[in-house]
Amino acid sequence: MTGSYLPRDRDWQPPALTPSYRSSLARSPQSALLSFPTSLSEETSPVFGHDILGPLDNDLILNHAAEGESAIGPRILVHGRLLDQNGRGVSGALIECWQANAGGRYRHKNEGYIAPLDPNFGGCGRTITGPDGAYQFKTIQPAPYPFPNGGNDWRPAHIHFSLFGQGFAQRLITQMYFEGDPHIPLCPILGVVKDQSAVDALTARLDMERTIHMDMRAFKFDMVLRGRNQTYFENLKDGM
Amino acid sequence: MSQAPETPSQTAGPYVHIGCTPNASGIAIYQGDLGASMKTGPVQGQEITLRGTVFDGEGTPLRDALIEIWQADAAGLFRSANETRGVADPNFLGWGRAATDMTTGGFQFDTVKPGPVPWHDGQMQAPHITMWIVARGINIGLHTRVYFEDETANATDPILTQITPPNRAATLIAKKADAGSYQFDIHLQGPNETVFFDI
Ligand SMILES: [Fe+3]
């Protein structure tokens, strides 16, 4: 079976060197990337079975909470579909997420922000997409937080996502922002994404249809992984 | 066919470990970290240890990076749903994930020497491991490959032989260290900048 992945659009994706995001200065490769068509090493990927998941892995409100307690903060449902560029749902994909708590504080030894830890909030979750690429997490809405970048810089509220598709070439880490956050146009890290439609693609929308009455608001966030050249599908058996 | 744009990448940030190696970062959850061990029993082939450090442009080790590797087993087969050439070693996962040490910046994978895998024209590539690096300051994950200095097939490998200038190919070759181990350092910038891929 052959079928290479579509090349990554490097004008759409952020460049390596983005001086307004200071950490990129010493960590950005300076030479051109070497391009070649994806081969077996990039078109294969490990398989993560649903059997690795515990019942609360995608519930950040409860997965680090003491018995009978829950994390503090605005309760939200984050849901959507993982698609490829051909518009197909990507099933069986591992999605991992991590985030700050409702005060903007991460549970990490290098974290120095003065906002308090929430003993009931770990800040990590994971799930595996369903047959149509659907996923969901229950969590609390994180707060914006400041970060050292040479000025008075604050991150918009965000959730980090790690995506593991069906080929190693699809490997992607990104961040999800919340519709209406006034920090969105000010953030140097989000600012590495130049196209306004790319910023919009990283912004989750309030979804009243999935909002749970008297419980939690919902935000919808779809993500797109690299697609295959179309010739791949002509040789692909139905349902694979 | 119209194609939707890929989701834009964003940096993994300094706290990627919370999401990807939570147990290593002090959050006891999930009954262990994915990718912490690449073996589930006795494996076929030569067991090796791959060690290295990621350096920034100032020569400082990255102490907050996350590295993943993906490779074939000793027979050149992948443990993947997309592997159609045969069945891979049932005790070898082929995938590993490690946070760099928060004090030294070092990383280590206990794995096996991969077998050769064919290129598009059917020619065998030199044995290699695919590597992916994310960290604070890296806007989009960096792909590269680890080859082995004791493999004569390196001289005809379709990737190594198209690197220009040719001396940069050396940045993809792990050096033999003590018995059964290889050293592979990554330089994000500078005269020894590692060759990274657009794949
Ligand atoms: Fe963050």
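## Ser31(A) and its contacts

Setting aside neighbours within four places in sequence, Ser31(A) contacts Arg168(B) and Glu193(B). This is a predicted model. Ser31(A) sits in the segment before strand S1 (34–35) of chain A. Its relative accessibility is 32%, so Ser31(A) counts as partly exposed.

Lys138(A) is 107 residues from Ser31(A) in sequence. The C-alpha to C-alpha distance between Ser31(A) and Lys138(A) is 42 Å.

## The iron site

The iron ion has these protein donors: Tyr106(A) through OH, Tyr145(A) through OH, His158(A) through NE2 and His160(A) through NE2. They lie 1.9 to 2.2 Å from the ion. Along the chain, the donor spacing reads Y-x38-Y-x12-H-x1-H.

The four donor atoms subtend angles of 89 to 163 degrees around the iron ion, so the arrangement is irregular. A tetrahedral label would require all angles to lie between 85 and 135 degrees.

His158(A) has a relative accessible area of 2% and is buried. His160(A) is at 3% relative accessibility and also counts as buried.

Cys97(A) is in no disulfide. Its nearest cysteine sulfur belongs to Cys124(A), 7.8 Å away. The cut-off for a disulfide is a sulfur pair within 2.5 Å. Cys97(A) counts as buried, at 2% relative accessibility.

Cys20(B) is in no disulfide either. The nearest cysteine sulfur to Cys20(B) is that of Cys124(A), at 9.8 Å. Cys20(B) is buried, with a relative accessible area of 2%.

Methods: Residues numbered from 1 in each chain as written. Chains lettered and ligands numbered in written order. Predicted model: local features only at pLDDT ≥ 70, side-chain atom pairs only at ≥ 80, totals over all residues. Heavy atoms only, no water. Donors = N, O, S within 2.8 Å, 3.2 Å for Na, K, Ca; no water. Tetrahedral: all angles 85-135°; square planar, octahedral: opposite > 155°, others 65-115°. Buried < 20%, exposed > 50% of the residue type's maximum accessible area, 1.4 Å probe, protein only. Helix = DSSP H or I, 4+ residues; strand = E, 2+ residues; numbered from the N terminus. Contact = heavy atoms within 4.5 Å.
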